[in-house]
Amino acid sequence: MNLLANTSALLGKELRTEFRSRELLTTTIVFVLLVVVLFSFTFDPSATESRRFGPGLLWLAFLFAASLMLQSCFLREQNNDTLGALRLAVADPFAIFLAKLSANTLFLFLTELLMIPVFTVLYNVPLLAVLPQLALVLFLGSFGLAVTGTALSAVSAQARMRELMLPLLLLPLLTPLLIASTEATAALFDVKPALRWDWVAILAAFDVVFLTAVWLFGEYLLEE
Amino acid sequence: MVSLKAHGTGIRLENIEKRYGSIYALKQVSLEIASGECVALAGRNGSGKTTLLRIAAGLVKPTSGRVELLDAQGAHGPRNGTRAAAGFVGHATMLYEELTAEENLRLFARLLAVPDANIRIARLLREVGLEERRGSQVRTFSRGMRQRLAIARALLREPGLLLLDEPATGLDPSGTQWLAGQLRGLRDAGCTIVMSLHGESALSELAGRAVRLERGKVAADTREGADLSAILAFSDAR
């Protein structure tokens, strides 16, 4: 109960500060938009090519945008030592992670949903019919990105060469997630679209495993 | 004057060591601070004052040693216990710049489950002189105003133990006088205060005990008036 109350208070803070600064969401949306538009202009892919390469392109764009967005997740808590104040105030440090990963998932998911119509127009792949299934895959993928990235952001924020550290740690770790989400998305982009539950299950398992790891070891990641 | 229930909490630091790689920030520091005591920590830059206060607050884990809280019944609970009992004002203000003064206090009041939070926040904002700026974002505040708000944040839950790291930072002389008045009220109400200071000021007059740290070790610890002044003056001279 205490965990949920603290998480909701901290999530409110995350959303309010983002609403006022508009740092994370703007950066992420612009970055993904640039990649999707530039790729379209550079290769001018046909509909068949888009169905084949589109999922990989989208998830790579989401992955790099996420690593950009998550960089500042804990870094900005260090400016005024607000992380110290949070650690003094919450009974369970998992609340800090839970609030941050909820906000990050929301920002990523929102970015992805905004990109779907852009992708549909530029790459000539109609996705309206599979939107609910696609939203499920995007959500599970975003959650996996956010949970892993949030945890590693806490580690990299305290390290030297922190700008380099997060992508170096994050990208190899996310390989299984990238494969599963790309395959699940590719099945939905097919001429005969289908939701591949095997890949969805792998995505869900990835999310659960990393969320459990953060729950178990999160406190140690926040220590000075 | 900031209101506080008389419920001071003492603290015992036993053989505390903190090492960063091969460098010792603190070496075998043992201190027992009784409930209701007001202690000034003095020492040059890098002598270990900040590290000691952050360890006492539960923010930094010592390499070795124990931190215990003390009350009338004896010692209890290290780390989380300290975090739960202590109010902490650090070098940084520990405030969110994008949030208003009131939103900052409201956030921490919710996290700390402060009873009657609205009344408490309104009273604190009035007492720290920020009532009229309650709706302004912290990034528009001067350093002194931020420091006042940081002190209000530390006092939200009426702590029995107040740990202050150079609390007069950013305050002008009248601000320092104001802070001294607030701390005097807290001390008289029974709150235990440990503060790091640089030199003698209106704040050092409050201390009934001075501890000087030198290269991570306790070099002097006194309750005697003349020695106490000497310790604080020593810090200032360097």
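**Two chains, questioned**

Modeller: Asn2(A) lies in helix H1 (residues 2-21) of chain A. This is a predicted model, in which local features need pLDDT of at least 70, side-chain atom pairs count only at pLDDT 80 or more, and totals for chains, interfaces and linings use all residues. Residues are numbered from 1 along each chain as its sequence is written, while chains are lettered from A and ligands numbered from 1 in the order in which they are written.

Colleague: Why is Asn2(A) called exposed?

Modeller: A residue is exposed if 12 or fewer other C-beta atoms, placed from the backbone, lie within 10 Å of its own, buried if 20 or more do, and partly exposed in between. Asn2(A) has 12 within 10 Å, so Asn2(A) is exposed. Of the 238 residues of chain B, 46% count as buried.

Colleague: How do you know which residues Leu163(B) touches?

Modeller: Contact requires C-beta atoms, placed from the backbone, within 7 Å. Leaving out residues up to four places away in sequence, Leu163(B) touches Leu53(B), Ala56(B), Ala57(B), Ala86(B), Phe88(B) and Val194(B).

Colleague: What makes a set of residues a nonpolar core?

Modeller: The members are buried Ala, Val, Leu, Ile, Met, Phe, Trp, Tyr and Cys residues joined through C-beta atoms within 7 Å. The largest such core has 136 residues, and Phe62(A), Ala56(B), Leu163(B) and Ile193(B) touch the most other members. Helix H5 (residues 94-123) of chain A gives the largest share of this core, 13 residues.

Colleague: How many residues of chain B are in contact with chain A?

Modeller: 20 residues of chain B are in contact with 18 residues of chain A. Helix H3 (residues 101-111) of chain B supplies the largest share of the chain B side, four residues.

Colleague: Which classes make up that side of chain B?

Modeller: It divides into 13 nonpolar, two polar and five charged residues. Ala, Val, Leu, Ile, Met, Phe, Trp, Tyr, Cys and Pro count as nonpolar, Asp, Glu, Lys and Arg as charged, and the others, Gly among them, as polar.

Colleague: Which residues of H3(A) meet H6(A)?

Modeller: Among them are Trp59(A), Phe62(A) and Leu63(A).

Technical notes:
Two residues are in contact if their C-beta atoms, placed from the backbone, lie within 7 Å. Helices (H or I, at least four residues) and strands (E, at least two) are DSSP runs, numbered from the N terminus.
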